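Subject: Structure handover

Hi,

Here is the structure I promised to pass on. Please open it next to this email and follow along.

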Amino acid sequence: MAKAVQKITLNRSEDIPFDKLELSQQNVRNVKAGVSIEDLADDIARRKLLQSLSVRPILGENGEETGRFHIPAGGRRYRALELLVLQKRMAKTEPVPCIVKRGDETSAEDDSLAENVQRGDLHPLDQYRAFQTLREQGLGEEEIAARFFVSVATVRQRLRLASVSPRLLDLYANDEMKLEQIMAFSITNDHIRQEQVWDTLSRQHAQDPYYIRRLLTQTAIRAGDRRAIYAGVKAYEAAGGVVMRDLFDEDNGGWLQDPALLEQLGVEKLRADAEALKTEEGWKWVEADFDFPYGHTSGLRRFYGEQQEFSEEELTRRDTLKVECDKLDADYAEAESYSEEVERRLEELGNELDQLNDRPNVFDPEEVARGGAFISLAANGELKIERGFVRPGDEPQVEADSDDSEDGGGDIGDAANPSSSADGISANGKPVSNDQAEEEDDTLRPLSDRLIVDLTATRTVALRNALAHDPVIAFVAVLHAFVLKIFYLYGSESCLELTLQSAKFSQTQGLGDTLWAKEIDQRQEAWGQDLPKKPEELWDYLVALDDVSRQALFAHCASLSVNVVIEPWNKRTRAIAHADQVARSIGFDMVTAGWVPTVDNYFGRVTKAHILQAVGKAKGEQSAQLIDHLKKQDIAREAERLLDGSGWLPEPLRTIGKESASDDVSPAADEAGDDPGSEVSVGDLPAFPADAADLSDQHQDAHDDDGYSHLDAAE
């Protein structure tokens with residue numbers, strides 16, 4: 001006969017007056033965590049008690065019940081009820097629903113631990129669905145956050161999961177996806193695109209949230225892009241543009257999904273600003289673009305305005321501010337303690353003085369009428385205005401002197417030989433020279449061309465000899481010729497036959513944004529402001545200049561003639577060798593100058609073989625083998641990350657005769673390669689891979705060499 005299964009009986013619930021309850025010392029929860037007692041009390045006041053207390057009767061000396069009960073499980077609820085009683089919001093005799101346990105099958109500590117450990121946290125997806133239901137019932141995000149003691153940001157993040165495809169949410173519910181991955185997908189509402197990305201990812205090893213975000217935003221433009229800052233995200237949205245935002249991570253304003261619309265808005269605003277500048281300041285022309293290639297002002301004469309004079313009122317105000325600033329600064333220097341108020345006042349005074357001293361330039365109206373300006377965008381999205389350029393065709397017409405034509409480079413005087421006869425006169429079949437004709441004529445005639453050539457040739461040789469004995473003036477003369485060439489494109493000529501050429505590199509993208517180009521432009525601007533406006537006044541200016549400034553100006557002009565560009569039709573072997581000599585003499589190399597290999601400037605423009613060779617040289621062959629299975633774009637990104645700080649340089653950037661990390665494998669790579677059997681694990685590479693395999697069939701290896709394409713959105 002089958003043995004009957006013994007049925008369990010549950011502990012009965014009873015309503016026990018609050019003043020008959022007390023905390024048990026067997027409660028295992030001693031560390032404060034979770035919702036505060038005050039918040040829990042407010043919640044109980046709003047929705048009443050949702051969970052009974054677990055209690056045990058307190059027994060007397062003889063084992064009989066005393067009518068009082070202690071609470072091994074539910075101590076925080078008891079504390080919240082106690083607070084409500086103290087606040088007079090609940091009577092101390094209010095019945096409290098309790099589960100009463102009589103018997104000793106388990107201890108009080110056992111029950112307390114079981115209640116806390118066996119409690120399961122709500123799944124984020126369930127929390128999202130619950131928040132969604134409450135919002136549909138009319139509750140706002142702030143009210144939901146207040147009711148459940150979470151931040152408004154948490155509520156918004158959970159509600160943002162509504163933007164994720166239901167198919168992906170089901171995968172997350174079945175533990176086939178992680179919460180971080182779901183959060184990454186929530187930056188876009190395009191369910192089809194989300195599912196396409198996941199289908200691709202599911203066949204790959206790399207499924208990092210960062211990679212998901214990158215794939216979803218690869219055709220979008222960051223809100224921090226200078227074009228977005230300039231056009232304005234609000235204007236973009238008002239025009240119907242969509243912005244993807246990531247509530248789970250810092251996204252700096254999100255991503256703009258319609259690059260064409262942003263481009264249109266930016267161009268329209270640039271045109272309006274250019275027209276306004278042209279009208280307000282009277283320029284003949286104004287060119288506007290998001291960016292101009294490096295050297296876009298080549299061939300144009302630059303002129304500079306004079307700083308606007310101070311008015312009497314401004315001078316008085318400046319003197320008053322300076323006196324107050326100096327006194328406050330001196331008193332504060334003697335103070336023993338920090339004063340936020342004084343610091344703030346000093347900053348205010350400094351800012352106002354800077355504004356007064358930063359005088360606008362006033363240009364010559366005649367120059368403005370024939371000149372123009374360029375408008376572009378700086379890196380921070382603000383307008384960058386370059387004023388004061390004159391095109392060759394707009395220069396005032398000046399008759400060229402007959403003696404200004406350049407010599408062909410032969411012996412002086414060869415091209416200036418007079419005619420073999422003087423006015424066609426000959427004697428005995430021989431030409432009669434002008435000198436002879438003049439000797440026979442009492443009429444005062446101009447000197448003959450040949451005589452002038454001979455006399456001036458004599459003066460030239462004598463002046464050469466004299467100048468050689470005066471190094472200071474010789475230096476000034478060369479500097480004068482250089483400055484005329486660099487700053488006065490159509491100025492008067494120098495008597496020194498020197499040629500100074502300054503090659504332009506407008507074909508190289510991004511060159512104007514480098515630190516080196518910006519420093520050169522700043523020097524050019526500063527000297528342009530200081531030099532006299534007329535080339536005729538330049539000589540006296542240079543003679544009066546102090547030696548240090550004169551040498552600095554000379555170095556600036558000379559530096560602009562440097563050219564070590566290697567072109568297919570001109571290898572320039574000797575010039576490159578001389579460049580190496582110059583570089584070694586001044587201790588220059590591209591690593592210390594700050595150049596680092598990136599996808600844009602190198603890895604994205606060479607073949608996979610070149611990339612792997614570079615990684616092998618700098619980090620060892622094992623490092624190269626760890627990424628050689630990836631697609632071209634991903635190898636390029638990994639190479640940029642791995643070689644950061646390595647000091648590796650491609651061959652055209654190396655200085656011959658100067659040691660660098662490019663010449664040999666790095667010490668770390670040497671150690672890894674000493675033992676043929678040694679292995680390099682993935683853990684040896686920092687955070688490998690940053691971006692793993694190519695996640696789209698559209699990404700091919702066709703972006704090699706000069707054919708490499710760059711998304712406009714990646715600017």
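How many aromatic pairs does the count come to? The count comes to 11 aromatic pairs. Keep in mind that this is a predicted model.

**Ring pairs**

Start with Trp283 and Phe363. Their rings form an edge-to-face pair, 5.3 Å from centre to centre, with 70 degrees between the planes. Trp283 sits in the loop between H13 and E9, while Phe363 sits in the loop between strand E12 (361-362) and helix H16 (365-370), so the pair ties together parts that are 80 residues apart in sequence. Both Trp283 and Phe363 are buried.

Now find Phe482 and Phe554. This pair is stacked: 5.5 Å centre to centre, 25 degrees between the planes. Phe482 belongs to helix H19 (residues 471-487) and Phe554 to helix H22 (residues 547-559), and the two are 72 residues apart. Phe554 has a relative accessible area of 22% and is partly exposed. The cut-off for buried is under 20%.

There is also a cluster. Ring pairs link Trp285, Phe292, Phe374 and Phe389.

**Charges over rings**

Look at Trp285 again. Arg391 lies over its face, 3.9 Å from the ring centre. Elsewhere, Lys269 has its charged end over the ring of Tyr230, at 4.6 Å from the centre.

**The sheet**

Next, look at an open sheet of 4 strands. The order is E9-E13-E14-E10, and the pairing is mixed.

E10 runs antiparallel to strand E14 (residues 383-390), and 2 bridges join them. Arg302 has Phe389 as its bridge partner in E14. Phe389 also belongs to the ring cluster. Helix H13 (residues 259-281) lies across E9, strand E13 (372-377) and E14. H13 runs at about 150 degrees to E13.

**Salt bridges**

How many salt bridges does the count come to? The count comes to 25 salt bridges. Here are some of them.

Arg167 and Glu195 meet through their side chains at 3.8 Å, N to O. Arg167 is partly exposed, at 36% relative accessible area. Glu195 is partly exposed too, at 23%.

Glu395 and Arg301 form another salt bridge, with the closest N and O atoms 2.7 Å apart. Glu395 is in the loop between E14 and strand E15 (426-427), and Arg301 is in strand E10, so the pair ties together parts that are 94 residues apart in sequence. Glu395 and Arg301 are both buried.

Glu348 and Arg345 give a local case. Their side chains meet at 3.3 Å, N to O. Both lie in helix H15 (residues 340-357), 3 residues apart, or about one turn of the helix. Glu348 is partly exposed, with a relative accessible area of 40%. Arg345 is partly exposed at 28%.

Last, a network. Salt bridges with shared partners join Arg301, Glu367, Arg370 and Glu395.

Over to you.

Notes
Residues are numbered from 1 along each chain as its sequence is written. Side-chain values use heavy atoms; hydrogens and water are left out. Two strands pair if DSSP finds at least two bridges between them. Contact means heavy atoms within 4.5 Å. Axes are lines fitted to C-alpha atoms, for helices over the stretch in contact, and angles run from 0 to 180 degrees between N-to-C directions. Rings of Phe, Tyr and Trp (its six-membered ring) pair if their centres lie within 6.5 Å; planes under 30 degrees apart count as stacked, over 60 as edge-to-face and the rest as tilted. Buried means under 20% relative accessible area, exposed over 50%, partly exposed in between (1.4 Å probe, protein chains only). A charge sits over a ring if NZ of Lys or CZ of Arg is within 6 Å of the ring centre and within 35 degrees of the ring normal. A salt bridge is a side-chain nitrogen of Lys or Arg within 4 Å of a carboxyl oxygen of Asp or Glu.
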